[in-house]
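Hi,

Here is the structure I said I would pass on.

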Protein chains: 2
Amino acid sequence: MTNLGDLEIFARVVSTGSMSAAGRTLGFSPAVISKRIKRLEDRLGTRLLQRTTRQISLTEAGQGFYDRVLGILTGIEEAEAYASGRSSQAQGVLRISAPTSFGRMHIAPHLTGFMKDHLDLKLHIVLTDDFTDIVADGFDMAVRIGELTDSSLVARKLAPVRRLLCASPDYIARNGAPTEIGDLARHFCLPAHNNDNWKLEGPEGSLVWHPEGPLVTNSSEIVRAAVIAGAGIALRSTWDIGPELRSGQLVQVLPQWEGSKNLTLSAVYPSRQFLPAKVRLFIDYLATLYGPVPYWEQ
Amino acid sequence: MTNLGDLEIFARVVSTGSMSAAGRTLGFSPAVISKRIKRLEDRLGTRLLQRTTRQISLTEAGQGFYDRVLGILTGIEEAEAYASGRSSQAQGVLRISAPTSFGRMHIAPHLTGFMKDHLDLKLHIVLTDDFTDIVADGFDMAVRIGELTDSSLVARKLAPVRRLLCASPDYIARNGAPTEIGDLARHFCLPAHNNDNWKLEGPEGSLVWHPEGPLVTNSSEIVRAAVIAGAGIALRSTWDIGPELRSGQLVQVLPQWEGSKNLTLSAVYPSRQFLPAKVRLFIDYLATLYGPVPYWEQ
DNA sequence: TGCCATTGTTTCCGAAATGGAAAAGCTCAA
DNA sequence: TTGAGCTTTTCCATTTCGGAAACAATGGCA
């Protein structure tokens with residue numbers, strides 16, 4: 001059967017994009033990398049990597065093999081951690097992908113609290129608003145906001161996401177508050193990235209509103225700043241503007257309407273028989289942190 | 001990182017129950033087995049096997065490690081099969097556990113049909129009525145009849161299980177047919193193994209009947225023979241007595257009552273990200289064979 | 001266009017590992 | 001008590017492994 005070292009080397013070559021780079025990070029000479037990749041391909045009877053001297057790309061078989069190998073390697077890691085008696089302790093590196101705004105506001109501040117309980121654990125956190133392929137990119141888990149769809153992943157709900165219409169008191173004083181949904185047409189609305197149609201639910205059922213306003217941006221951070229500065233009405237998540245609502249910097253408008261409810265904040269991870277302790281513990285930590293009623297809702 | 005051969009050797013030692021036996025099946029001398037088990041334990045810092053010279057048993061850490069290693073090994077097998085270009089073809093050995101009666105009557109006759117389409121595949125079929133731990137015992141999948149509960153396994157429904165009350169015409173001629181449920185008290189009933197209370201659903205809702213009769217056995221085959229021979233009334237699955245009902249060897253009694261409906265025939269397998277082709281294909285084969293309406297119901 | 005740095009591949013050689021035979025120590029059953 | 005069968009250790013031959021060096025190929029840059 002295949003040598004395990006070959007699988008590690010293959011995975012590293014793919015993740016670094018070059019044999020030489022893989023050799024450097026693993027402490028091998030390029031010659032070794034080349035020979036073992038070749039051996040692996042010979043044994044499988046398939047070409048895994050398409051290579052020129054300057055560039056390496058995965059063949060189709062290589063891509064599928066890579067996906068599987070990643071799972072195998074983390075499986076071995078988990079099995080070793082289990083047997084080493086630290087089955088219930090987090091160790092190694094936990095690689096997390098999370099949305100930028102939410103990560104900055106509601107994950108980053110709590111990391112130290114988690115890390116002090118798990119001294120053997122290193123955290124790698126990547127904030128991005130792309131829906132990365134967590135398995136191909138080598139993440140252990142991701143925090144996501146959205147509707148739960150992806151089939152090959154397991155999702156654990158962390159908290160509901162409530163989205164409200166809000167504006168600054170200043171803006172209301174100048175423009176008045178809308179009293180019914182149609183009034184929005186006479187207001188400045190602030191759509192955000194991927195959010196240029198607002199799915200709302202209210203007393204009369206649900207509808208989709210196409211907000212129009214003077215500001216278009218792909219940055220929800222800019223929208224956030226704008227609504228606080230009094231530029232208009234925005235549909236924002238409670239985790240985003242909870243403190244401003246409490247302090248009075250923002251007030252809710254049209255409180256009978258809320259954003260569609262099928263959004264959830266969830267942790268997703270590749271489906272495995274044995275979840276690594278580090279992943280389980282971190283998700284548990286987030287779940288108790290946010291649940292049952294998130295602190296930003298209180 | 002751990003050598004893969006060590007994991008294979010460890011798994012084989014556990015499954016054969018001895019180092020020497022593992023060595024014989026793998027083609028190694030006992031010395032090698034011993035050394036590599038020791039090396040594995042040293043690397044993990046844990047004792048995996050408790051051993052005397054005559055007997056070997058798993059420690060707790062060893063048990064958990066073994067469960068994980070099995071998953072890893074089949075994962076590697078699957079990854080190799082995928083990369084070898086035969087991703088959609090079944091190859092290797094498919095190990096199946098199935099209930100004795102059902103296996104004999106409705107799996108065994110169809111095996112050749114499956115095997116002629118998959119010449120690279122070997123089948124290992126174990127018929128048993130124990131609910132074995134399929135992962136610990138090294139099965140790829142099992143066919144089961146029952147309520148779906150086990151959490152760490154994935155179940156795919158193959159067919160519903162209908163159970164009817166039946167007797168031979170001969171018996172009816174001698175004893176008359178019951179017309180309402182209470183009449184059963186005046187009849188010979190034939191309970192089977194694990195089936196000494198009959199959960200029935202009928203026009204008046206559901207009830208549990210405790211059958212009493214002259215024959216008690218743990219063999220549903222004996223019950224089957226007895227009811228055909230005219231010994232009494234039994235609650236049997238349609239897959240078991242379909243032909244007899246059609247041929248008139250048996251007739252249904254109290255047709256307004258049926259066994260509780262929450263039994264299903266299903267295929268179960270360990271949850272994995274990548275299901276081996278051999279498992280997927282065999283389950284597909286059974287599903288099309290039995291569904292949507294099983295041939296024994298027609 | 002031509003140069004050059006970087007990358008992948010091959011060859012050869014010393015070093016490390018692997019596997020086996022033999023011997024020793026042990027346990028259980030006859 | 002004996003003997004068969006098991007695990008473990010030791011020692012040695014063999015295989016495998018990793019690296020240096022030489023070579024070939026590619027693409028960026030002047």
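How much area is buried between domain 2 of chain A and domain 3 of chain A, and what percentage of it do carbon and sulfur atoms give? It comes to about 980 Å², with 53% from carbon and sulfur. Keep in mind that this is a predicted model.

The contact between domains 2 and 3 of chain A involves 12 residues from domain 2 and 11 residues from domain 3.

On the domain 2 side, three residues stand out: A:Met105, A:Val161 and A:Trp296 account for 46% of the area that domain 2 buries against domain 3, more than any other three residues.

Now the polar part. There is one salt bridge across the interface of domains 2 and 3. A:Arg104 pairs with A:Glu221 in a salt bridge whose closest N and O atoms sit 2.5 Å apart. As for polar contacts between domain 2 and domain 3, I have four residue pairs, both partners at pLDDT 80 or more.

Helix H5 (residues 100-115) of chain A gives the largest share of the domain 2 side that touches domain 3, with five residues. By type, the residues on that side of domain 2 are seven nonpolar, two polar and three charged.

That's what I have on this interface. Over to you!

Cheers

Conventions
Residues numbered from 1 in each chain as written. Chains lettered and ligands numbered in written order. Predicted model: local features only at pLDDT ≥ 70, side-chain atom pairs only at ≥ 80, totals over all residues. Heavy atoms only, no water. Contact = heavy atoms within 4.5 Å. Buried area = accessible area lost by both parts, 1.4 Å probe. Salt bridge = Lys/Arg side-chain N within 4 Å of Asp/Glu carboxyl O. Polar contact = N/O pair within 3.5 Å; in protein donor to acceptor, adjacent residues only side chain to side chain. Helix = DSSP H or I, 4+ residues; strand = E, 2+ residues; numbered from the N terminus. Nonpolar A, V, L, I, M, F, W, Y, C, P; charged D, E, K, R; others polar.
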